Amino acid sequence: MGFPLRRNGSKINKAILHFRAVKRGLGLCGGKRKDKGEQAMSIITIVGAGMMGSAIGFPASDNGNEVRLVGTPLDREIIRHARKTGEHLTLRRKLPTGYKYYQVEELREALAGADLLVSGVSSFGVDWFLANILPVIPQTLPVLAVTKGM
């Protein structure tokens with residue numbers, strides 16, 4: 001199953017209009033770093049706390065954005081461990097100090113005020129994302145899907 005090109009009647013060109021904002025939100029356009037005490041540039045919520053979902057937030061965090069990492073039902077231990085230690089269980093690496101961690105049941109809280117949602121689930125998780133996450137996100141929230149596997 002391919003990723004749908006339309007969501008709730010929105011057109012593809014709407015996604016294109018968000019592309020520049022997405023690039024800027026992830027710090028890919030040379031965004032300005034925040035100084036201590038400054039508010040984050042953007043709030044980026046990432047669903048999928050595996051290796052890829054967790055790692056995709058590194059450049060976003062490095063560029064001054066708030067990163068909210070939401071685990072899937074398969075990521076419960078990763079999120080618990082990260083909350084306790086600040087380290088990713090399977091990456092065996094410290095996650096940036098600005099990361100905030102959420103279990104999937106806390107998705108609505110993690111989406112509050114978000115500027116971008118990143119789907120960081122594997123290709124096997126895309127159907128789960130479409131069925132469980134897509135229906136609850138705000139219509140105006142840009143979604144960036146990054147996946148691996150076949």
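This is a predicted model: local features need pLDDT of at least 70, side-chain atom pairs count only at pLDDT 80 or more; totals for chains, interfaces and linings use all residues.
Trainee: How many helices and strands are in the chain, and in what pattern along the sequence?

Mentor: There are 5 helices and 7 strands. Read along the sequence, they follow α-β-α-β-α-β-β-β-α-β-α-β.

Trainee: Why is Q103 called buried?

Mentor: Its relative accessibility is 10%, and buried means under 20%. The value falls under the cut-off, so Q103 counts as buried. In the chain, buried residues make up 41% of the 150 residues.

Trainee: Where is Q103 placed?

Mentor: Q103 is in the loop between strand 5 (100–102) and helix 4 (107–111).

Trainee: What makes the approach of the Q103 side chain to R76 a polar contact?

Mentor: The Q103 side chain reaches the backbone oxygen of R76 at 3.3 Å. The limit for such a pair is within 3.5 Å, so the distance qualifies.

Trainee: Which residues are in contact with Q103, leaving aside neighbours within four places in sequence?

Mentor: Q103 is in contact with V70, G71, R76, I79, R80 and R83.

Trainee: How do you know that the span of helix 2 is close to the expected one?

Mentor: Helix 2 (residues 51–62) has 12 residues.

Trainee: Which residues of helix 2 are buried, and what comes just after the helix?

Mentor: The buried residues are G53, S54, G57, F58, A60 and S61. Just after helix 2, G64 takes a positive phi of about 90°.

Trainee: What makes a set of residues a nonpolar core, and which have the most contacts inside the largest one?

Mentor: The members must be buried residues of the nonpolar kinds, joined through side-chain atoms within 4.5 Å. The largest such core has 18 residues, and V47, L117, F129, I133 and I137 have the most contacts inside it. Strand 1 (43–47), helix 4 and helix 5 (126–132) each give two or more residues to this core. A second, separate core of 15 residues includes I46, A60, V67 and L69. In soluble globular proteins, nonpolar side chains tend to be buried together.

Trainee: Which residues does I133 touch, not counting those up to four places away in sequence?

Mentor: I133 touches V47, V104, L107, L117 and W128.

Trainee: What share of the chain's contacts with a separation of 6 or more comes from residues 24 or more positions apart?

Mentor: Such residues account for 68% of those contacts.

How values were computed:
Residues are numbered from 1 along each chain as its sequence is written. Side-chain values use heavy atoms; hydrogens and water are left out. Helices (H or I, at least four residues) and strands (E, at least two) are DSSP runs, numbered from the N terminus. Buried means under 20% relative accessible area, exposed over 50%, partly exposed in between (1.4 Å probe, protein chains only). A polar contact is a pair of N or O atoms within 3.5 Å; within protein, one must be able to donate a hydrogen and the other to accept it, and residues adjacent in sequence count only if both atoms are side-chain atoms. Contact means heavy atoms within 4.5 Å. The expected span of a helix is 1.5 Å times one less than its number of residues.
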